[in-house]
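Here are my notes on the model you asked me to look over. Have the structure open while you read, and click on each residue as it comes up.

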Amino acid sequence: MLSFPCAKINLGLNIVERRPDGYHNLETVFYPVPIKDALEVQVMANGFPSEYGCDLKTTNLVIDGNEQQNLVVRAYNLLKRDFPQIPRVHAHLYKAIPTQAGMGGGSSDCAFMLKMMNDMFSLNLSEKQLIEYAAKLGADCAFFILNRPAYAEGIGERLEPIRLNLSGLYLTVVRPDIPVSTKEAFSLITPQRPPRNCREVVMQPIDTWRELLTNDFEMSVFALHPEIADIKQRLYNMGAVYSAMSGSGSAVFGLFRNNVDVEQAFEGMFTAFIPL
């Protein structure tokens, strides 16, 4: 079976309070975007010499760490514990979503893995049950079970689909070669509620977003990495109607009404320009 896990952007991201368990409650609007990995899963032949239940191979972009710690494998192992009849599998993950970018690539991969396992092995899990499994793997994994525009609260697992359509606009993504530590970014934030909830703001005309739709990570990340702040300003200078960092960075996106040449403007960085 083959699927294509997609990326996301955050339209507003506000850290509203610290939880007793050390996590933070947030408010954000997730929006899926057509930058995609490819994930292929096949049942492993009997007698294949592998010590693992899920034998994962990753190609294209380099992913740091042991492949057995990848969220795709963790998703497999999570279901395998509750459904021991699931056979061993080979998984091939072709990475095209930039890593350490705040675009949810790893979260998307594991959510799509859960959905594929459910379909391939007739586990009969409901969407609600899949969301519960996904929430155990990471803060924004649950969104990719729905994979449609949604307002999120809690750590990102409490989801409410919303009617938001950005078709007719162009999405630009620029990801500099700057790793951002999510843990460090969180440590520099003082939680507070914004004057306007992002769910309300995104229902307004997009021309109003620049002043009202904020990402709380920008203040701390921009202070540590002024180059990322410069990308946002350059996108506005190029005509973006809205621009922001996605998640905790380091990718910055812009929404445009017209075609622009981002590849030339940001030579040496990951760039994408996609009609929505």
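1. Some ground rules. This is a predicted model, so local features need pLDDT of at least 70 and side-chain atom pairs count only at pLDDT 80 or more, while totals for chains, interfaces and linings use all residues. Residues are numbered from 1 along each chain as its sequence is written, and side-chain values use heavy atoms, with hydrogens and water left out.

2. Start with helices α2 and α3. Helix α2 covers residues 105–120 and helix α3 covers residues 127–135. (Helices are DSSP runs of H or I with at least four residues, strands are E runs of at least two, and both are numbered from the N terminus.) The two helices pack at about 135°, and their axes are 10 Å apart. Axes here are lines fitted to C-alpha atoms, for helices over the stretch in contact, and angles run from 0 to 180 degrees between N-to-C directions. That angle makes α2 oblique to α3, since under 35 degrees counts as roughly parallel, over 145 as roughly antiparallel, 65 to 115 as roughly perpendicular and the rest as oblique.

3. Who does the touching there? On the α2 side it's Leu114, Lys115 and Asn118, and on the α3 side Leu130, Tyr133 and Ala134. Contact means heavy atoms within 4.5 Å. Sorted by type, the residues of this contact come out as four nonpolar, one polar and one charged. (Ala, Val, Leu, Ile, Met, Phe, Trp, Tyr, Cys and Pro count as nonpolar, Asp, Glu, Lys and Arg as charged, and the others, Gly among them, as polar.)

4. Now try helix α8 (residues 217–224) and helix α9 (residues 226–237). Their axes come within 5 Å and cross at roughly 120°. From α8, the contact uses Glu218, Val221, Phe222, Ala223 and Leu224; from α9, Pro226, Ile228, Ala229 and Lys232. This contact of α8 with α9 has seven nonpolar residues, no polar ones and two charged.

5. How many salt bridges does the count come to? The answer is 14, where a salt bridge is a side-chain nitrogen of Lys or Arg within 4 Å of a carboxyl oxygen of Asp or Glu. One to find is Glu160 with Arg199, at 2.8 Å from N to O. That pair links distant parts of the chain: Glu160 sits in strand β8 (residues 158–161) and Arg199 in helix α6 (residues 198–201), 39 residues apart. Glu160 is partly exposed at 36% relative accessible area, and Arg199 is partly exposed at 29%. (Buried means under 20% relative accessible area, exposed over 50% and partly exposed in between, with a 1.4 Å probe and protein chains only.)

6. Two further bridges are worth a click. Arg158 and Glu153 meet at 3.3 Å, N to O; Arg158 is partly exposed at 47%, and Glu153 is partly exposed at 26%. Arg196 and Glu200 pair up at 3.7 Å, N to O, with Arg196 partly exposed at 32% and Glu200 partly exposed at 44%. Elsewhere, salt bridges that share partners tie Asp37, Lys95 and Asp109 into one network.

7. Is Val29 buried or exposed? Val29 is buried, with a relative accessible area of 0%, and its place is in strand β3 (residues 24–36). Leaving aside neighbours within four places in sequence, its contacts include Ile9, Leu11, Tyr151, Ile162, Leu164 and Val202. Arg199, from the bridge in point 5, is also one of the residues Val29 contacts.

8. Last, a loop residue. Ser50 is in the loop between β4 (38–43) and β5 (54–60), yet Ser50 is buried, at 15% relative accessible area. Beyond residues up to four places away in sequence, Ser50 touches Met44, Asp55 and Arg88.
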